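Me: I would like to go through a structure with you. Could you take my questions as they come?

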Amino acid sequence: MTQDHETQGPVVVYVMGYGRSGSTLLDTILNNHPSVTSVGEVANLPDWVSREHPCACGALLESCTFWGPVLDRYRRAMGSEALEELERCQTRVERAPLYRRSDAVSQRYGELTNALFHAIRKVSGSTVIVDSSKSSRRAIGRPYALTAHAGLDLRPIFLRRDGRGVMWSGMRGAGSPEWESSRLPRSLIGLRTLLAWVYTNRRCERVIRGLSHSALPLWYEDLVSDTEAQLRRLGAFLDLDLSGVAQRIGRGEALAVAHNVSGNRLRYQRQVRIQPDREWESHLPMLHRWAYRLAPYRRPAPRSEGSTEGWKGPSSRHPAGSSS
Ligand SMILES: [Zn+2]
(Lines give C-alpha, C1' and ligand atoms only; values in the text may rest on other atoms or scores of the structure.)
Protein backbone atom coordinates (compact mmCIF):
# COMPACT_ATOMS: atom_id res chain seq x y z
CA MET A 1 0.00 0.00 0.00
CA THR A 2 1.37 3.39 -0.83
CA GLN A 3 -0.88 5.56 1.36
CA ASP A 4 1.16 6.98 4.17
CA HIS A 5 -0.12 10.48 4.73
CA GLU A 6 -1.69 11.02 8.14
CA THR A 7 -4.95 12.36 6.79
CA GLN A 8 -5.55 9.70 4.17
CA GLY A 9 -8.11 7.06 4.89
CA PRO A 10 -7.05 3.51 5.53
CA VAL A 11 -7.24 0.69 3.03
CA VAL A 12 -9.75 -1.77 4.46
CA VAL A 13 -9.23 -5.48 3.83
CA TYR A 14 -12.62 -7.13 4.24
CA VAL A 15 -12.77 -10.85 4.96
CA MET A 16 -16.05 -12.14 3.52
CA GLY A 17 -17.52 -15.60 3.87
CA TYR A 18 -19.03 -18.01 6.39
CA GLY A 19 -17.61 -18.32 9.91
CA ARG A 20 -15.46 -21.30 10.91
CA SER A 21 -13.40 -20.80 7.76
CA GLY A 22 -10.07 -19.71 9.21
CA SER A 23 -10.55 -15.95 9.36
CA THR A 24 -8.75 -15.68 12.72
CA LEU A 25 -5.71 -17.35 11.13
CA LEU A 26 -5.91 -15.08 8.10
CA ASP A 27 -6.26 -11.87 10.06
CA THR A 28 -3.45 -12.93 12.40
CA ILE A 29 -1.17 -13.56 9.41
CA LEU A 30 -1.97 -10.14 7.96
CA ASN A 31 -1.65 -8.42 11.35
CA ASN A 32 1.99 -9.49 11.50
CA HIS A 33 2.88 -7.19 8.59
CA PRO A 34 4.14 -3.84 9.96
CA SER A 35 1.65 -1.76 7.92
CA VAL A 36 -1.40 -3.79 8.92
CA THR A 37 -3.70 -3.84 11.94
CA SER A 38 -6.39 -6.50 12.27
CA VAL A 39 -9.44 -5.69 14.32
CA GLY A 40 -11.49 -8.89 14.03
CA GLU A 41 -15.26 -8.73 13.64
CA VAL A 42 -15.49 -5.00 14.05
CA ALA A 43 -19.15 -5.00 12.92
CA ASN A 44 -19.84 -6.42 16.38
CA LEU A 45 -17.99 -3.61 18.19
CA PRO A 46 -21.10 -1.71 19.42
CA ASP A 47 -22.72 -4.94 20.66
CA TRP A 48 -19.47 -6.15 22.23
CA VAL A 49 -18.94 -2.86 24.10
CA SER A 50 -22.52 -2.72 25.41
CA ARG A 51 -22.40 -6.35 26.58
CA GLU A 52 -18.97 -5.87 28.15
CA HIS A 53 -17.37 -8.75 26.30
CA PRO A 54 -13.56 -8.77 26.37
CA CYS A 55 -11.12 -7.91 23.63
CA ALA A 56 -8.85 -10.77 22.48
CA CYS A 57 -6.20 -9.36 24.87
CA GLY A 58 -8.53 -10.22 27.78
CA ALA A 59 -9.30 -6.62 28.85
CA LEU A 60 -12.74 -5.07 28.47
CA LEU A 61 -12.83 -3.08 25.24
CA GLU A 62 -13.25 0.21 27.10
CA SER A 63 -10.04 -0.41 29.07
CA CYS A 64 -8.04 -2.22 26.35
CA THR A 65 -4.82 -0.41 25.45
CA PHE A 66 -5.91 -0.33 21.80
CA TRP A 67 -9.71 -0.04 21.83
CA GLY A 68 -9.82 2.39 24.80
CA PRO A 69 -8.06 5.17 22.83
CA VAL A 70 -10.01 4.29 19.64
CA LEU A 71 -13.34 4.61 21.46
CA ASP A 72 -12.26 7.88 23.13
CA ARG A 73 -11.22 9.39 19.84
CA TYR A 74 -14.37 8.13 18.11
CA ARG A 75 -16.76 9.54 20.72
CA ARG A 76 -14.93 12.88 20.77
CA ALA A 77 -15.34 13.12 17.00
CA MET A 78 -18.88 11.75 16.61
CA GLY A 79 -20.59 12.20 19.99
CA SER A 80 -20.90 10.23 23.21
CA GLU A 81 -23.73 8.08 21.76
CA ALA A 82 -21.92 7.39 18.49
CA LEU A 83 -21.57 3.63 19.03
CA GLU A 84 -25.25 3.20 19.86
CA GLU A 85 -26.22 5.23 16.80
CA LEU A 86 -23.81 3.23 14.65
CA GLU A 87 -25.41 -0.01 15.79
CA ARG A 88 -28.90 1.24 14.85
CA CYS A 89 -27.63 2.32 11.43
CA GLN A 90 -25.82 -1.00 10.86
CA THR A 91 -29.03 -2.89 11.55
CA ARG A 92 -30.77 -0.92 8.82
CA VAL A 93 -27.96 -0.74 6.30
CA GLU A 94 -25.87 -3.94 6.38
CA ARG A 95 -28.60 -6.57 6.34
CA ALA A 96 -29.93 -8.27 3.27
CA PRO A 97 -31.77 -7.19 1.19
CA LEU A 98 -31.64 -3.53 2.22
CA TYR A 99 -27.96 -2.75 1.86
CA ARG A 100 -28.25 -1.17 -1.57
CA ARG A 101 -30.74 1.41 -0.40
CA SER A 102 -29.52 4.98 -0.29
CA ASP A 103 -31.22 7.32 2.18
CA ALA A 104 -30.54 9.49 5.24
CA VAL A 105 -29.80 6.41 7.38
CA SER A 106 -27.24 5.03 4.94
CA GLN A 107 -25.65 8.47 4.74
CA ARG A 108 -25.35 8.70 8.53
CA TYR A 109 -24.10 5.09 8.60
CA GLY A 110 -21.40 6.17 6.15
CA GLU A 111 -20.26 9.08 8.33
CA LEU A 112 -20.19 7.02 11.53
CA THR A 113 -18.43 4.07 9.93
CA ASN A 114 -15.87 6.16 8.12
CA ALA A 115 -15.04 7.99 11.36
CA LEU A 116 -14.55 4.69 13.20
CA PHE A 117 -12.05 3.43 10.62
CA HIS A 118 -10.23 6.77 10.73
CA ALA A 119 -9.98 6.49 14.53
CA ILE A 120 -8.59 2.95 14.16
CA ARG A 121 -6.13 4.15 11.55
CA LYS A 122 -4.99 7.02 13.73
CA VAL A 123 -4.52 4.99 16.93
CA SER A 124 -2.91 2.00 15.19
CA GLY A 125 -0.71 4.06 12.88
CA SER A 126 -1.43 1.43 10.23
CA THR A 127 -2.43 2.22 6.67
CA VAL A 128 -4.19 -1.12 6.24
CA ILE A 129 -7.02 -2.31 8.52
CA VAL A 130 -8.34 -5.87 8.34
CA ASP A 131 -12.06 -6.20 9.11
CA SER A 132 -13.06 -9.88 9.51
CA SER A 133 -16.77 -9.30 10.10
CA LYS A 134 -17.49 -11.86 7.37
CA SER A 135 -20.97 -12.47 5.99
CA SER A 136 -23.54 -13.40 8.58
CA ARG A 137 -27.10 -12.43 7.64
CA ARG A 138 -26.69 -9.32 9.77
CA ALA A 139 -23.58 -8.20 7.92
CA ILE A 140 -24.06 -9.67 4.45
CA GLY A 141 -24.16 -6.21 2.81
CA ARG A 142 -21.33 -4.76 4.89
CA PRO A 143 -18.63 -4.86 2.18
CA TYR A 144 -21.00 -3.05 -0.21
CA ALA A 145 -21.99 -0.51 2.46
CA LEU A 146 -18.35 0.14 3.44
CA THR A 147 -17.59 1.30 -0.10
CA ALA A 148 -20.89 2.75 -1.31
CA HIS A 149 -21.93 4.54 1.89
CA ALA A 150 -18.73 4.93 3.96
CA GLY A 151 -16.50 5.65 0.95
CA LEU A 152 -13.75 3.32 2.15
CA ASP A 153 -11.05 1.89 -0.11
CA LEU A 154 -11.97 -1.80 0.16
CA ARG A 155 -10.03 -4.97 -0.73
CA PRO A 156 -12.46 -7.88 -0.34
CA ILE A 157 -11.17 -11.39 0.30
CA PHE A 158 -13.70 -14.20 -0.14
CA LEU A 159 -12.48 -16.80 2.37
CA ARG A 160 -13.98 -20.28 2.23
CA ARG A 161 -13.27 -23.64 3.75
CA ASP A 162 -14.32 -27.09 2.55
CA GLY A 163 -17.91 -27.55 3.78
CA ARG A 164 -17.04 -30.83 5.50
CA GLY A 165 -14.47 -29.10 7.69
CA VAL A 166 -16.99 -26.34 8.42
CA MET A 167 -19.65 -28.91 9.39
CA TRP A 168 -17.27 -30.69 11.75
CA SER A 169 -16.21 -27.40 13.29
CA GLY A 170 -19.90 -26.67 14.01
CA MET A 171 -20.50 -30.15 15.42
CA ARG A 172 -17.55 -30.16 17.79
CA GLY A 173 -18.46 -26.67 19.02
CA ALA A 174 -15.28 -24.91 17.93
CA GLY A 175 -15.59 -21.23 17.20
CA SER A 176 -16.54 -18.24 19.26
CA PRO A 177 -17.33 -19.20 22.89
CA GLU A 178 -19.66 -16.19 23.20
CA TRP A 179 -22.16 -17.44 20.61
CA GLU A 180 -22.51 -21.09 21.57
CA SER A 181 -25.97 -21.87 22.85
CA SER A 182 -27.52 -24.45 20.50
CA ARG A 183 -29.27 -27.39 22.14
CA LEU A 184 -29.80 -29.29 18.89
CA PRO A 185 -28.38 -32.81 18.50
CA ARG A 186 -24.92 -32.75 17.00
CA SER A 187 -25.91 -34.36 13.71
CA LEU A 188 -28.57 -31.66 13.15
CA ILE A 189 -26.08 -28.93 14.02
CA GLY A 190 -23.87 -30.35 11.26
CA LEU A 191 -26.64 -30.32 8.65
CA ARG A 192 -27.79 -26.86 9.67
CA THR A 193 -24.19 -25.64 9.41
CA LEU A 194 -23.96 -27.06 5.88
CA LEU A 195 -27.16 -25.28 4.80
CA ALA A 196 -25.92 -21.99 6.26
CA TRP A 197 -22.55 -22.48 4.53
CA VAL A 198 -24.21 -23.00 1.13
CA TYR A 199 -26.56 -20.05 1.64
CA THR A 200 -23.80 -17.70 2.81
CA ASN A 201 -21.40 -18.54 -0.01
CA ARG A 202 -24.11 -18.01 -2.62
CA ARG A 203 -25.08 -14.69 -1.05
CA CYS A 204 -21.42 -13.62 -0.99
CA GLU A 205 -21.12 -14.26 -4.71
CA ARG A 206 -24.08 -11.98 -5.33
CA VAL A 207 -22.64 -9.24 -3.12
CA ILE A 208 -19.26 -9.50 -4.86
CA ARG A 209 -20.87 -8.83 -8.23
CA GLY A 210 -22.05 -5.46 -6.90
CA LEU A 211 -18.66 -4.35 -5.54
CA SER A 212 -16.46 -1.84 -7.30
CA HIS A 213 -13.27 -3.79 -6.51
CA SER A 214 -12.51 -7.41 -7.43
CA ALA A 215 -12.57 -9.91 -4.59
CA LEU A 216 -9.73 -12.37 -4.04
CA PRO A 217 -10.97 -15.95 -3.61
CA LEU A 218 -9.04 -17.83 -0.94
CA TRP A 219 -9.57 -21.32 0.46
CA TYR A 220 -8.52 -22.21 3.99
CA GLU A 221 -7.08 -25.53 2.79
CA ASP A 222 -4.70 -23.72 0.40
CA LEU A 223 -3.76 -21.14 3.01
CA VAL A 224 -2.64 -23.74 5.56
CA SER A 225 -1.08 -26.28 3.18
CA ASP A 226 0.59 -23.96 0.66
CA THR A 227 1.04 -20.88 2.82
CA GLU A 228 3.97 -19.32 0.99
CA ALA A 229 2.27 -19.38 -2.44
CA GLN A 230 -1.02 -18.11 -1.00
CA LEU A 231 0.75 -15.24 0.77
CA ARG A 232 2.33 -14.30 -2.56
CA ARG A 233 -1.19 -14.14 -4.08
CA LEU A 234 -2.46 -12.15 -1.11
CA GLY A 235 0.54 -9.84 -1.21
CA ALA A 236 0.03 -9.14 -4.92
CA PHE A 237 -3.66 -8.45 -4.36
CA LEU A 238 -3.07 -6.13 -1.39
CA ASP A 239 0.15 -4.55 -2.69
CA LEU A 240 1.97 -5.75 0.44
CA ASP A 241 5.21 -7.73 0.73
CA LEU A 242 4.21 -10.65 2.95
CA SER A 243 7.45 -12.62 2.43
CA GLY A 244 8.71 -11.79 5.95
CA VAL A 245 5.54 -13.22 7.51
CA ALA A 246 5.75 -16.25 5.20
CA GLN A 247 9.34 -16.91 6.35
CA ARG A 248 8.31 -16.74 10.01
CA ILE A 249 5.50 -19.22 9.38
CA GLY A 250 7.94 -21.43 7.46
CA ARG A 251 10.23 -21.49 10.54
CA GLY A 252 7.25 -22.61 12.66
CA GLU A 253 7.11 -19.36 14.65
CA ALA A 254 3.93 -18.44 16.48
CA LEU A 255 2.24 -15.22 15.34
CA ALA A 256 0.80 -12.65 17.74
CA VAL A 257 -2.98 -12.21 17.69
CA ALA A 258 -4.26 -8.64 17.42
CA HIS A 259 -6.81 -6.84 19.63
CA ASN A 260 -9.63 -8.67 17.88
CA VAL A 261 -13.29 -8.03 18.53
CA SER A 262 -15.30 -11.27 18.54
CA GLY A 263 -14.33 -14.31 16.46
CA ASN A 264 -12.86 -17.77 17.04
CA ARG A 265 -11.72 -18.78 20.56
CA LEU A 266 -8.23 -19.14 19.10
CA ARG A 267 -7.83 -15.41 19.57
CA TYR A 268 -7.61 -15.77 23.35
CA GLN A 269 -4.42 -17.81 22.98
CA ARG A 270 -2.68 -14.55 22.00
CA GLN A 271 -0.35 -16.53 19.70
CA VAL A 272 -1.18 -18.97 16.94
CA ARG A 273 0.82 -21.32 14.77
CA ILE A 274 -0.36 -21.90 11.24
CA GLN A 275 -1.17 -25.57 10.97
CA PRO A 276 -3.91 -27.43 9.11
CA ASP A 277 -6.95 -28.61 11.07
CA ARG A 278 -7.97 -31.83 9.31
CA GLU A 279 -9.87 -33.43 12.16
CA TRP A 280 -13.05 -33.78 10.06
CA GLU A 281 -11.30 -36.29 7.77
CA SER A 282 -11.30 -38.90 10.53
CA HIS A 283 -14.32 -37.73 12.56
CA LEU A 284 -17.10 -36.55 10.23
CA PRO A 285 -19.97 -39.11 10.11
CA MET A 286 -20.94 -40.76 6.81
CA LEU A 287 -24.36 -39.03 6.82
CA HIS A 288 -22.67 -35.64 6.67
CA ARG A 289 -20.23 -36.71 3.96
CA TRP A 290 -23.21 -37.74 1.83
CA ALA A 291 -25.04 -34.51 2.60
CA TYR A 292 -21.99 -32.60 1.36
CA ARG A 293 -21.92 -34.63 -1.87
CA LEU A 294 -25.53 -33.66 -2.49
CA ALA A 295 -25.09 -29.99 -1.52
CA PRO A 296 -25.55 -27.45 -4.32
CA TYR A 297 -22.21 -25.85 -3.46
CA ARG A 298 -18.85 -27.51 -3.18
CA ARG A 299 -15.20 -26.68 -3.36
CA PRO A 300 -13.96 -26.27 -6.96
CA ALA A 301 -11.16 -28.50 -8.17
CA PRO A 302 -7.77 -27.25 -6.95
CA ARG A 303 -6.05 -24.65 -9.12
CA SER A 304 -9.24 -23.66 -10.94
CA GLU A 305 -9.06 -20.14 -9.51
CA GLY A 306 -5.42 -19.49 -8.78
CA SER A 307 -5.25 -16.13 -10.50
CA THR A 308 -5.05 -12.97 -8.43
CA GLU A 309 -6.41 -10.57 -10.99
CA GLY A 310 -9.77 -9.82 -12.39
CA TRP A 311 -11.83 -12.24 -10.33
CA LYS A 312 -15.32 -10.86 -9.72
CA GLY A 313 -17.49 -13.58 -8.34
CA PRO A 314 -18.36 -16.74 -10.22
CA SER A 315 -18.13 -16.65 -13.98
CA SER A 316 -18.07 -19.25 -16.70
CA ARG A 317 -14.31 -19.50 -16.22
CA HIS A 318 -14.41 -19.90 -12.48
CA PRO A 319 -17.69 -21.49 -11.45
CA ALA A 320 -17.29 -21.38 -7.70
CA GLY A 321 -19.57 -24.27 -6.84
CA SER A 322 -19.52 -26.39 -9.90
CA SER A 323 -16.87 -29.02 -9.42
CA SER A 324 -17.30 -32.35 -7.74
ZN1 LIG B 1 -7.27 -5.49 23.54
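Me: Where does D239 lie?
Reply: D239 is in the loop between α10 and α11; helices (H or I, at least four residues) and strands (E, at least two) are DSSP runs, numbered from the N terminus. This is a predicted model, in which local features need pLDDT of at least 70, side-chain atom pairs count only at pLDDT 80 or more, and totals for chains, interfaces and linings use all residues. Residues are numbered from 1 along each chain as its sequence is written.

Me: What is the phi of D239?
Reply: D239 has a positive phi of about 60 degrees although it is not a glycine.

Me: How do the axes of α10 and α11 cross?
Reply: The axes of α10 (residues 227–238) and α11 (residues 243–250) come within 9 Å and cross at roughly 165 degrees. Axes are lines fitted to C-alpha atoms, for helices over the stretch in contact, and angles run from 0 to 180 degrees between N-to-C directions. The two helices are therefore roughly antiparallel to each other; angles under 35 degrees count as roughly parallel, over 145 as roughly antiparallel, 65 to 115 as roughly perpendicular and the rest as oblique.

Me: Which residues make that contact between α10 and α11?
Reply: T227, E228 and L231 of α10 meet V245, A246, I249 and G250 of α11, a contact being two C-beta atoms, placed from the backbone, within 7 Å. By class, there are four nonpolar, two polar and one charged residues. Here Ala, Val, Leu, Ile, Met, Phe, Trp, Tyr, Cys and Pro count as nonpolar, Asp, Glu, Lys and Arg as charged, and the others, Gly among them, as polar.

Me: Now α3 and α5. At what angle do their axes cross?
Reply: The axes of α3 (residues 67–78) and α5 (residues 104–124) cross at roughly 135 degrees and come within 9 Å. These helices are therefore oblique to each other. On the α3 side the contact includes P69, V70 and Y74, and on the α5 side L112, A115 and I120 are among the residues involved. Its residues divide into eleven nonpolar, no polar and two charged.

Me: Back to loops. Where is R20, and why does it count as buried?
Reply: R20 sits in the loop between β1 (11–16) and α1 (23–31). It counts as buried because it has 23 C-beta neighbours inside 10 Å. R20 also has a positive phi of about 60 degrees, although it is not a glycine.

Me: What about the core: which residues have the most contacts inside the largest one?
Reply: V12, V13, I157 and F158 have the most contacts inside the largest nonpolar core, which has 73 residues. Such a core is a set of buried Ala, Val, Leu, Ile, Met, Phe, Trp, Tyr and Cys residues joined through C-beta atoms within 7 Å. Apart from it lies another core, of nine residues, with M167, W168, L194 and W280 among them.

Me: Finally, how many helices and strands does the chain have?
Reply: The protein chain has 13 helices and seven strands. Of its 324 residues, 45% are buried.

Definitions and conventions: Buried ≥ 20, exposed ≤ 12 C-beta atoms within 10 Å, placed from the backbone.
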